[in-house]
Amino acid sequence: MTIISLLTDFGLKDGNVGVMKGVIWGICPQAQIADLSHTIRPQNVPEAALILFRSAFYFPDDTVHMTGVDPGVGTARRPIAAQIGPQRFVCPDNGLLTRVLERAGQEGWPVEIVHLDKPQYWLKEVSHVFHGRDIFAPSAAHLARGVPLRDLGTPIQDAVKLALPKPQRTENGWRGEVIHVDHFGNVASNIRMEHLGSELGHKERIVVRVGGVEIRGLVNTFGERPEGELIALMGSTGNLIVSLVNGSAAARLNAKIGDLFEIILP
Amino acid sequence: MTIISLLTDFGLKDGNVGVMKGVIWGICPQAQIADLSHTIRPQNVPEAALILFRSAFYFPDDTVHMTGVDPGVGTARRPIAAQIGPQRFVCPDNGLLTRVLERAGQEGWPVEIVHLDKPQYWLKEVSHVFHGRDIFAPSAAHLARGVPLRDLGTPIQDAVKLALPKPQRTENGWRGEVIHVDHFGNVASNIRMEHLGSELGHKERIVVRVGGVEIRGLVNTFGERPEGELIALMGSTGNLIVSLVNGSAAARLNAKIGDLFEIILP
Amino acid sequence: MTIISLLTDFGLKDGNVGVMKGVIWGICPQAQIADLSHTIRPQNVPEAALILFRSAFYFPDDTVHMTGVDPGVGTARRPIAAQIGPQRFVCPDNGLLTRVLERAGQEGWPVEIVHLDKPQYWLKEVSHVFHGRDIFAPSAAHLARGVPLRDLGTPIQDAVKLALPKPQRTENGWRGEVIHVDHFGNVASNIRMEHLGSELGHKERIVVRVGGVEIRGLVNTFGERPEGELIALMGSTGNLIVSLVNGSAAARLNAKIGDLFEIILP
């Protein structure tokens with residue numbers, strides 16, 4: 001089993017994602033390739049880091065996750081590859097692995113990162129502007145077909161990390177922020193199940209404040225409330241979210257990344 | 001050959017479709033996976049039922065079609081799996097199989113449906129809000145790798161069916177309605193080839209009325225008429241459609257699902 | 001290794017791309033299938049011809065590239081298949097191969113094109129409006145599984161070619177035009193690396209004019225200049241492009257296909 005996932009901001013209209021698959025199959029014909037997303041907002045490294053983190057660990061061990069969100073393409077920023085716990089990664093060194101590395105710390109997983117500095121594993125001609133095609137896809141394919149990580153580059157210890165916003169304890173709860181708005185308009189915060197702890201046993205008494213509204217009590221799922229009602233609940237990745245039943249909470253609340261998202265515990 | 005198709009309203013930006021592929025390959029590494037659509041309008045079960053029906057029977061026998069359009073996720077609605085004629089299906093029990101079951105009735109195909117009630121075939125942790133990942137994808141993967149349908153759940157006879165609008169005979173034709181508007185803006189009705197019967201031999205004399213316009217005569221294809229002309233013709237799935245040559249009939253007519261669509265026979 | 005790529009204007013919402021994959025796997029179960037793009041603007045043959053040209057040669061030899069952008073579907077226009085250098089193609093005969101054939105001429109590659117006129121290699125029922133499903137996908141699958149090109153149809157020498165705009169030499173440079181605007185809003189011209197020749201050694205002295213602005217000097221990549229600055233550079237396929245650092249040059253310049261794009265050489 002040889003799986004590669006692709007995550008980029010390339011969009012779907014120009015053929016660039018297909019080109020990377022062509023390059024990969026030229027090197028690793030047996031690769032099965034899954035698209036994670038190609039509509040990350042252009043150059044938005046934090047968004048890609050979140051999607052990568054939420055997705056990678058649902059894949060079989062040793063999947064190679066290639067991420068091409070790369071505002072620094074062609075500059076001195078390093079291309080890197082990594083083994084982080086059970087999963088492998090290939091991407092520019094711009095913070096994309098921040099959340100994955102955070103989890104590795106929590107889980108006590110081994111981490112090995114190399115600077116991809118062996119051009120023999122890249123396409124022969126490397127453009128200044130499309131390293132997804134010329135460096136990352138070929139490197140991912142070589143890794144997937146069995147080339148050891150250490151052969152692809154030189155070990156490094158100083159991969160770039162993003163400064164992620166952390167929820168702050170308040171007198172009677174937590175002050176977090178909106179970190180994602182999904183396709184349905186669900187508004188996700190950085191307040192997680194673990195922040196609630198034993199209070200999760202009193203869900204009906206937790207209060208959520210976001211976008212100028214206050215929602216009293218968490219529910220388990222959408223269908224518990226009538227269409228058009230704002231609800232707060234645990235999202236599928238363990239983050240506290242606000243949703244509008246059969247509608248878009250983001251549109252209703254005019255919510256966006258970075259907005260204040262608070263909870264008051266009983 | 002082990003094929004799984006995926007049909008959801010999850011959109012393409014958040015990684016959720018990729019996550020389901022990761023889950024599937026963890027259980028059934030040899031699965032070949034095709035996306036049918038992930039841009040069903042949110043929670044729109046009738047639209048998904050139509051796309052599923054139009055698509056499923058073009059796949060090789062024993063393909064497993066997984067559909068995740070699920071406004072009732074996490075509530076008492078049942079997850080189900082089915083063998084319907086040559087194809088297999090995994091989805092919530094909310095009417096998604098209506099059109100497929102209708103065809104089974106017409107064709108005299110055997111139908112077997114089970115309530116997916118064996119958690120050993122799901123992910124270990126099941127969220128309240130993402131059964132596509134936690135129940136449907138793993139169930140589809142187990143089915144694809146050879147687990148018999150009956151092992152996945154308990155047989156049921158009362159799967160939910162949608163009440164679909166049927167064309168009504170009028171004095172001189174049929175009164176139907178718009179049931180789909182496609183990417184090109186073609187406006188499809190529920191009036192089908194079989195409603196026209198022998199009148200198809202007099203295509204030039206059939207009159208179509210929709211969106212306040214009247215189109216006289218059916219053509220075979222777009223290129224028979226000049227750019228910008230409204231035409232009526234048989235669509236690729238046997239439904240009568242109205243198109244604008246090299247343009248969007250839906251935009252021209254301001255047509256939408258449920259609009260009246262009538263024909264007058266010679 | 002059996003690879004098929006798909007390029008269409010079908011969009012992603014209606015299931016039509018998935019249906020073609022089902023048809024392909026019914027004929028060639030081992031095919032690995034990559035999507036190049038399905039959001040070519042409706043009926044836009046020149047755009048599809050460009051994406052096909054930019055993408056095809058990054059795939060392993062003998063990949064079959066199926067293109068379904070087909071304003072003449074169901075009319076007398078011919079379905080064709082071709083071996084052009086190392087790659088294979090299946091599409092309507094409407095100019096889609098123009099750029100690929102141009103490259104074959106430059107490279108001295110052998111070219112063989114057949115009119116697909118053997119219905120035994122198509123689906124049994126052929127609609128007037130969806131030859132992607134009924135003719136092109138099955139033909140591509142048969143080609144991929146090893147049926148010789150000559151068995152699929154009758155050789156032709158007169159494939160349709162588009163009249164593509166060529167850059168014109170001016171007194172002190174080249175007058176070209178905008179031929180593509182990508183997902184990021186990069187504005188690509190038909191002026192290519194080979195038009196600059198030895199002047200590429202004096203990149204800082206080349207001047208680009210497009211959309212009423214003048215950009216002095218080419219850079220290598222985006223990160224060399226501050227966010228929000230317009231830059232000119234070589235794109236990843238060897239065409240001269242204008243970009244806005246971390247933004248959309250097309251939006252800034254209100255640029256569109258066919259706009260004048262000039263360079264002045266030192």
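Student: Is Glu112(C) buried, partly exposed or exposed?
Tutor: Glu112(C) counts as partly exposed, with a relative accessibility of 27%. Please bear in mind that this is a predicted model.

Student: With which residue does Glu112(C) form a salt bridge?
Tutor: The partner is Arg150(C), and the closest N and O atoms of the pair are 2.4 Å apart.

Student: Which side chain meets Arg41(C) in a salt bridge?
Tutor: That of Glu47(C), with an N to O distance of 3.0 Å. Glu47(C) is buried, at a relative accessible area of 7%, whereas Arg41(C) is partly exposed, at 40%.

Student: And what does Lys13(B) pair with?
Tutor: Lys13(B) forms a salt bridge with Asp14(B), and their closest N and O atoms lie 2.9 Å apart. Asp14(B) has a relative accessible area of 2%, so it counts as buried, the cut-off being under 20%. Lys13(B), at 23% relative accessibility, counts as partly exposed.

Student: Which residues are linked with Arg78(A) in a network of salt bridges?
Tutor: Asp93(A) and Asp158(A) are linked with Arg78(A) in that network.

Student: How many salt bridges are there over all chains?
Tutor: The count over all chains comes to 51.

Student: How many of them run between chain A and chain B?
Tutor: The number across the interface of chain A and chain B is 0.

Student: Which elements of chain A give two or more residues to the side that touches chain B?
Tutor: They are β2 (32-37), α2 (45-56), β9 (173-181) and β14 of chain A. The largest share comes from β2(A), which gives 6 residues. By residue type, the side of chain A that touches chain B divides into 15 nonpolar, 14 polar and 4 charged residues.

Student: What area is buried between chain A and chain B?
Tutor: About 2500 Å² is buried between chain A and chain B, and carbon and sulfur atoms give 60% of it. Of the area that chain A buries against chain B, 25% is supplied by Tyr58(A), His183(A) and Phe184(A), more than by any other three residues. The contact takes 33 residues from chain A and 30 residues from chain B.

Student: Let me look at one residue. Where is Thr221(A) found?
Tutor: Thr221(A) is in the loop between β13 (218-219) and β14 (230-234) of chain A. With 1% relative accessibility, Thr221(A) counts as buried.

Student: What is Thr221(A) in contact with, leaving aside its neighbours within four places in sequence?
Tutor: In chain A, Thr221(A) is in contact with Ile231(A) and Leu233(A). In chain B, its contacts are Val73(B), Gly74(B), Thr75(B), His128(B) and Val129(B). A polar atom of the Thr221(A) side chain lies 2.7 Å from the backbone oxygen of Val73(B).

Student: Now the other interface. How many residues does the contact take from chain B and from chain C?
Tutor: The contact takes 33 residues from chain B and 30 residues from chain C. Chain B and chain C bury about 2500 Å² between them, with 60% of it on carbon and sulfur atoms. Tyr58(B), His183(B) and Phe184(B) supply 25% of the area that chain B buries against chain C, more than any other three residues.

Student: How many residue pairs are in polar contact between chain B and chain C?
Tutor: The count is 12 residue pairs, both residues being at pLDDT 80 or more. The count of salt bridges between chain B and chain C is 0.

Student: Last topic. What rotation superposes chain B on chain C?
Tutor: A rotation of 120°, with 0.0 Å of shift along its axis, superposes chain B on chain C with an RMSD of 0.0 Å. The two copies are therefore related as by a three-fold rotation axis. In chain B, the C-alpha nearest the axis belongs to Gln32(B), 4.8 Å from it.

Student: What share of the contact residues of chain B recur in chain C?
Tutor: The share is 3%, and the copies use different surfaces.

Technical notes. Residues are numbered from 1 along each chain as its sequence is written. Chains are lettered from A and ligands numbered from 1 in the order in which they are written. This is a predicted model: local features need pLDDT of at least 70, side-chain atom pairs count only at pLDDT 80 or more; totals for chains, interfaces and linings use all residues. Side-chain values use heavy atoms; hydrogens and water are left out. Contact means heavy atoms within 4.5 Å. Buried area is the accessible area (1.4 Å probe) that two parts lose on being put together, summed over both. A salt bridge is a side-chain nitrogen of Lys or Arg within 4 Å of a carboxyl oxygen of Asp or Glu. A polar contact is a pair of N or O atoms within 3.5 Å; within protein, one must be able to donate a hydrogen and the other to accept it, and residues adjacent in sequence count only if both atoms are side-chain atoms. Copies are superposed by least squares on the C-alpha atoms of residues with pLDDT of at least 70 in both. Buried means under 20% relative accessible area, exposed over 50%, partly exposed in between (1.4 Å probe, protein chains only). Helices (H or I, at least four residues) and strands (E, at least two) are DSSP runs, numbered from the N terminus. Ala, Val, Leu, Ile, Met, Phe, Trp, Tyr, Cys and Pro count as nonpolar, Asp, Glu, Lys and Arg as charged, and the others, Gly among them, as polar.
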